[in-house]
Amino acid sequence: MESFNTSSIKAKSHSWIMSLILFAFVVRVRDGLPLSASTDFEHNRELQERKQQLRTISKTLAFIPEKAAVKGQDLNIYLVTSEGVSYMSVCHCSVPITMAFCFLEDLRWEFTACYNHNVVSLADRPYPFLEFDCTIQKLKQQYNHKGGPALEVTLAEVQEELRLRPPQILNLEEVELTNGSANGHVEQSATSGQNIKLEPVTALGILSLVLNIMCASLNVIRGVHLIEYTFQDDYDGAWNVVAFLVAFLCSMLQCHLYVFHSRLKTAKSLSLLSAIIICNLFLHGMRNAWQIAFHIGVASLSTVLILRRKVLDRSNDCGV
């Protein structure tokens, strides 16, 4: 278990320019209703992405363990669920996991001290407790500028709890699928993902689709043309036919992956790229170096665009 030393954090806190805990979010579990959130003063792309992911997670809290985390490039998400309310935060990756969950425990204690279960249950509009932001800001200041909790006993309890029950690391693609299932789209989401909206297709995306269809057409034409000569003369060229047809199929599947949402998108797109590269290298006797480079280049561009096209956030931002 990762250890946390309060004195060392305090010694280093003055040298940190950016905040360690950037954003906090309080949500009702049963319906994902946002109850309160902190006002963030740092605006960067990854923080906005993490806030969108928080809203996606809030729709599937009934299927998520009490303690969980989502790892990012520079920012991580941590959450704790208790008594029908989930407390979430976006923290810099340098924040020790013990400190992050200690902050959430303090946040939980403060929220339950201000609002009882009945008040939370009767809330019928988003962000009914925005005044709680003042308390969140005080907690953030305590952790960002003073190095963490004031009581060592709180830290020790959180460390022991995390040792006994470590948080589950969430996969966001699975969370998005669960979100579709929770809204009655189990079959469609599990197959084609057509009920999950993606970001708009870009001009470069349209170009990659056109080039992919061109490559697929060239492959199927060459493959069908070879079939006649292969089976009339000898079967030595049968593997060339297979390579052309496999490359055709992979190019069409790349188009499908770009247009529609799919589970395990990363693994599928990289597998298709690998298959296209192998097929074209196998066909080195049928194509020159420039043709092979063109087909591999188109497949590589498609793969990058597939991985960069994200799920469109369907929830309202509600001004936070």
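How many strands form the open sheet, and in what order? Six strands form it, in the order S2-S1-S5-S4-S3-S6, with mixed pairing. Strands are DSSP runs of E, at least two residues long; helices are runs of H or I, at least four; both are numbered from the N terminus. Two strands pair if DSSP finds at least two bridges between them.

This is a predicted model: local features need pLDDT of at least 70, side-chain atom pairs count only at pLDDT 80 or more, and totals for chains, interfaces and linings use all residues. Residues are numbered from 1 along each chain as its sequence is written, and side-chain values use heavy atoms, leaving out hydrogens and water.

Select 34–37 (S2) and 168–169 (S6). Each stands at an edge with a single partner strand, so one side of each has no neighbour in the sheet.

**Inside the sheet.** Select 21–28 (S1) and 85–92 (S5). They run antiparallel, joined by seven bridges. Pick out Phe 25; its bridge partner in S5 is Met 88.

**Confidence.** Colour by pLDDT, the predictor's confidence in each residue, from 0 to 100. The protein's mean is 79, and 79% of its residues reach 70 or more. Select 180–195: pLDDT is below 50 there, and the stretch has 17 contacts beyond near neighbours in sequence. Finish at 314–320, also below 50, with 15 such contacts.

Terms used: Contact = heavy atoms within 4.5 Å.
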